[in-house]
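Biologist: Before we look at anything, could you take me through how helix packing and nonpolar cores are read from a model?
Modeller: Gladly; let us have the model in view and take the features in turn.
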Amino acid sequence: MRKYFLFAAYVFLALLVRQEFHPFSRFPMYNSFPNWGYVFFLKNERGETVPYEKHFSINKRAGYVAHTFYTLFSHHGFYYSDGKEKPEHMEAGGKELLSMIVKDEATGSFNFDSLGLYRRFYFLQEDTLTFRDDLMYAQRVKP
Amino acid sequence: MRSALSHRFFNGHPKAEWFFIKISLMWIWLKIVHGVFLDTGHVPYPDGICRFFDCSVLVVNNASHFFYVAAVILSVLYLFERWMMLTTFLMFLLSLLLFTLEESNGILNRCALYTMVFLAQSIAYYKGGDKLRQNRIQFAVQIIAAGYFLAGSSKLIASGFHWITDAPQASIQILKNYSYAYFDTGNYADLQQGLTKAHFVLQHKFFVILLFGASLFLELTAWVALTGKRNTFIYGLLLLGMHMGILFFMDILIVAIFYPMLIFMVNPMYVGYFVVCEGTGWVKDRFDY
């Protein structure tokens, strides 16, 4: 019994808590494979992609921006899935995300004036991988 | 070597095994804690215990320096095994605060195992007794096995066995993850690699379903790792293989889950040490078994 007590206790408590509440987790990573996946990226006013690593701090990366998107949308009670978000939610969420991305960055040294935050929506259409890019929000970032 | 494995490697808990666990665990824990201080400057989306009090006090007005120093001091105490029941409990509390803070920034690095491993070790030291050497490792393995079991059951709860048959749709997630790398670096080769692997998954559906079925089986039977030291090691190797497969195909390594598993279930530094020492015969004089 001693061999399994903590195993059983942690499984029981994590299932009982029912939500993510550190340190209790159901470790839900990739527990389903829906027909959609999102990636968030930046473009400048010239339409060039702006890589996160070249212009932003280490905590501003595509993966972190995606995590923040889901947390932000859940926090505000905005629906997200299948590329069917409401336009007003996309704009409000995009504005909040973009302001977090540029916060505390040396915007004066940027070689562009404005940034647009885009959401790439990947999906399968008859076994063919395809995508759609949507502009969430754009703003001037250079002081 | 077979005799050495059955008589020494899978029996008892020598000092060397614990020594390499301590070093590996502290190295990775401090790296993760350092990452939390880089990631978090405020608390925009309070989560966990941060819903009950203002966690931003942990990161403003140089408070983070205090916690950083505390993490380093606790690591030193852990390595030198000083006041271990209290030390591991404080490491549990510090991990609880810091990783909740990270999650309250919308960043889900899944560090729950780290936090719980320290609590499990604190319980082992509280119990003390003849089995302390075994318990401080085996209690941690129980938490890690629980994490894998929960991950498996979470898949069944969310998707049922469709999780296995839907596996070809993982091609979208593969392309998504390589796209993260592309948009981070601007290197088109990352995106190309993602496309190649996503198409492979679509073209070899049966193979992928088999792999996903095997990984779900491994997670759901993770409790078998608790039936003895030999099984802990074997399951560690199998889970290591699973993680390497996920890393290869999906470009994902969930550090806060992978490393505790690797350290407590495989302990590669100790394996290397054991092989070298057994080969030279040097070990017999150096460690008690």
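Biologist: Which hand has the crossing of H3(A) and H4(A)?
Modeller: A crossing is left-handed if the near helix is turned anticlockwise from the far one by less than a right angle, and right-handed if clockwise; the crossing of H3(A) and H4(A) is right-handed. Bear in mind that this is a predicted model, in which local features need pLDDT of at least 70 and side-chain atom pairs count only at pLDDT 80 or more, while totals for chains, interfaces and linings use all residues. Residues are numbered from 1 along each chain as its sequence is written, chains are lettered from A in the order in which they are written, and side-chain values use heavy atoms, with hydrogens and water left out.

Biologist: At what angle do helix H3 and helix H4 of chain A pack?
Modeller: Helices are DSSP runs of H or I with at least four residues, and strands are runs of E with at least two, numbered from the N terminus. Axes are lines fitted to C-alpha atoms, for helices over the stretch in contact, and angles run from 0 to 180 degrees between N-to-C directions. Here H3 (residues 62-76) and H4 (residues 87-102) of chain A pack at about 130 degrees, with their axes 10 Å apart. H3(A) is therefore oblique to H4(A), given that angles under 35 degrees count as roughly parallel, over 145 as roughly antiparallel, 65 to 115 as roughly perpendicular and the rest as oblique.

Biologist: Which residues make that contact?
Modeller: With contact meaning heavy atoms within 4.5 Å, H3(A) contributes residues including A:Phe69 and A:Phe73, and H4(A) residues including A:Met90 and A:Leu97.

Biologist: Where is A:Glu105 found, and is A:Glu105 buried or exposed?
Modeller: Buried means under 20% relative accessible area, exposed over 50% and partly exposed in between, with a 1.4 Å probe and protein chains only. A:Glu105 is found in the loop between H4 and strand S2 (114-125) of chain A, and counts as buried because its relative accessibility is 13%. Beyond neighbours within four places in sequence, A:Glu105 is in contact with A:His55, A:Phe56, A:Ser57, A:Lys60 and A:Phe110.

Biologist: Which residues touch the most other members of the largest nonpolar core?
Modeller: A nonpolar core is a set of buried Ala, Val, Leu, Ile, Met, Phe, Trp, Tyr and Cys residues joined through side-chain atoms within 4.5 Å. The largest has 80 residues, of which A:Phe27, B:Trp29, B:Tyr114, B:Phe118 and B:Phe264 touch the most other members. Helix H2 (residues 15-39) of chain B gives the most to this core, with 12 residues.
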